[in-house]
Amino acid sequence: ADGIESTGIIAHLQNTSNPHQVTAEQVGAVSEDEVGDVSLTATAQFKGAKIRVARAGKIVTFCTAPITNYTKPSGGGYPTMCTLPQGYRPSSLVDVLLPLTGGGSVNVMVDTGGKVSVGVISDAASMTLRIVFTFAQ
């Protein structure tokens with residue numbers, strides 16, 4: 001076919017001998033040592049909720065179990081929810097604003113040291129939080 005160039009790599013992707021030494025990075029996959037997930041427990045302020053953090057390459061996903069009847073601290077602010085382990089921390093500050101059922105928002109910040117802080121912007125006396133977001137390291 002005129003105008004089409006090929007290195008032959010695509011034609012050998014299903015060949016287990018890998019004669020062209022194609023790497024996982026070349027086809028957009030991550031190697032086994034770049035994938036992981038950990039379970040964490042939130043601080044008492046967040047009722048010890050279970051947290052799951054997963055990583056594939058430089059993409060990290062953070063997910064909490066529902067935290068029912070959460071009441072924000074009387075002084076407001078951003079209490080610490082947990083600290084991410086090495087390998088799951090961002091290279092720069094992550095600042096995410098998530099909608100809150102019933103109105104308001106949840107502001108989540110993750111610093112480069114892995115500290116996850118959560119502030120609630122709502123007039124509700126108590127609420128259910130479920131925090132899910134993804135970021136690139």
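How many bridges join strand S3 (residues 59-64) to S10? Five, and the two strands run antiparallel. Strands here are DSSP runs (E, at least two residues), numbered from the N terminus, as helices are (H or I, at least four residues). Two strands pair if DSSP finds at least two bridges between them. In S10, Ala-136 is the bridge partner of Ile-59.

This is a predicted model: local features need pLDDT of at least 70, side-chain atom pairs count only at pLDDT 80 or more, and totals for chains, interfaces and linings use all residues. Residues are numbered from 1 along each chain as its sequence is written, and side-chain values use heavy atoms, with hydrogens and water left out.

The protein has zero helices and 10 strands. Overall values follow.

| Property of the protein | Value |
|---|---|
| Buried residues | 31% of 137 residues |
| Accessible surface | about 8400 Å² |
| Carbon and sulfur part of that surface | 52% |

Buried means under 20% relative accessible area, exposed over 50%, partly exposed in between (1.4 Å probe, protein chains only). Accessible areas come from the Shrake-Rupley method with a 1.4 Å probe; for residues, only the protein chains shown count as cover.

Strand S10 spans residues 132-136. Phe-133 and Phe-135 point to one face and are buried.

Leu-93 sits in the loop between strand S5 (80-83) and strand S6 (94-99). Leu-93 counts as exposed because its relative accessibility is 53%. Beyond four places in sequence, Leu-93 touches Met-109, Val-110, Asp-111 and Thr-112, where contact means heavy atoms within 4.5 Å.
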